[in-house]
Amino acid sequence: MKGIVLAGGSGTRLHPITQAVSKQLLPVYDKPMVYYPISVLMLAGIREILIISTPADLPNFRKLLGNGDQFGLSFTYAEQPSPNGLAEAFVIGADFIGDDDVALVLGDNIFYGQGFSSRLQEAVRELDGCVLFGYPVKDPERYGVGEVGPDGKLVSIEEKPEKPRSNKAITGLYFYDNDVVDIARSLKPSARGELEITDVNLTYVRRDQATLVELSRGFAWLDTGTHDSLLEAGQFVQVLEHRTGVRIACLEEIALRMGFINADECYALGMKLAKSGYGEYVKAVAVAAGASA
């Protein structure tokens with residue numbers, strides 16, 4: 001499976017702070033926002049990742065992430081000049097995807113929970129059609145909402161329903177088989193002129209090939225699209241990291257734990273950041289794993 005991080009858009013809800021920089025390059029406490037969705041793909045075992053952003057912002061993503069070798073990954077970059085919908089990611093990324101399955105994660109979504117990696121890897125192994133991830137919310141009328149049958153298959157998805165049939169919001173993480181490329185290419189733009197991800201998902205629902213994995217108690221799903229939610233996400237990460245001593249979405253540590261790099265390579269990455277607390281943490285993780293400091 002390959003992975004796509006969709007980090008485009010104009011971030012208008014965060015103006016003026018996003019008038020000169022991509023939203024996904026803003027800090028969420030101690031690391032850039034884009035680290036969080038990349039970490040999700042890494043935890044699923046995905047090593048080939050396409051970053052899609054605007055022509056103006058792509059150079060900054062390249063500067064931050066490079067070609068991915070330092071993490072044992074391969075980063076590719078592609079432009080989405082206009083925000084024409086989430087499903088356009090599969091049209092833009094068709095050559096990158098090739099004959100493989102693909103995961104799409106939105107660049108402003110943050111996921112956290114114990115056992116998340118094993119659940120992601122299980123979803124990759126058992127993929128048959130598409131796997132979506134649902135999260136219970138108190139105000140489902142603000143979200144796309146999934147209704148699940150007794151067999152765990154999705155029977156309906158409604159966008160911002162007045163009378164929701166469930167409280168399970170569809171999060172910004174999606175796993176698809178290779179059919180998604182042809183499905184996305186066949187879509188017609190919606191009334192707002194976009195290729196809608198919900199139309200992709202409904203195609204799989206009609207095929208009886210859409211499964212919903214519920215991220216319930218013990219999991220956190222945050223998006224960072226407003227000033228308040230961006231601040232709250234940073235505070236969430238700060239509290240967890242201070243209490244536990246473990247850093248969330250530390251790409252160097254995840255690469256080490258997943259076997260993408262070795263302890264000495266991890267230590268070298270920490271040395272490059274050594275004047276920050278983040279760099280000291282990476283070095284400590286590497287030493288604990290056997291690096292020769």
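Is Glu158 buried, partly exposed or exposed, and at what relative accessibility? Glu158 counts as partly exposed, at 24% relative accessibility, where buried means under 20% relative accessible area, exposed over 50%, and partly exposed in between (1.4 Å probe, protein chains only).

## Basis of the model

This is a predicted model, in which local features need pLDDT of at least 70 and side-chain atom pairs count only at pLDDT 80 or more, while totals for chains, interfaces and linings use all residues. Residues are numbered from 1 along each chain as its sequence is written, and side-chain values use heavy atoms, with hydrogens and water left out.

## Salt bridges

Taking a salt bridge as a side-chain nitrogen of Lys or Arg within 4 Å of a carboxyl oxygen of Asp or Glu, the count comes to 15. Among them, Glu158 pairs with Arg165, with 3.8 Å between the closest N and O atoms, and Arg165 is exposed at 54% relative accessibility. Salt bridges also join Asp30, Lys31, Glu241 and Arg247 into a network.

## Pairs and secondary structure

Helices (H or I, at least four residues) and strands (E, at least two) are DSSP runs, numbered from the N terminus. Asp179 and Arg207 form a salt bridge with an N to O distance of 3.1 Å; this pair links distant parts of the chain, 28 residues apart, with Asp179 in helix H6 (residues 179-186) and Arg207 in the loop between helix H7 (197-206) and strand S12 (210-214). Asp179 is partly exposed at 35%, and Arg207 is partly exposed at 39%.

Within helix H9 (residues 251-257), Arg257 and Glu253 lie four residues apart, about one turn of the helix, and their closest N and O atoms are 3.2 Å apart in a salt bridge. Arg257 is exposed at 55%, whereas Glu253 is buried at 11%.
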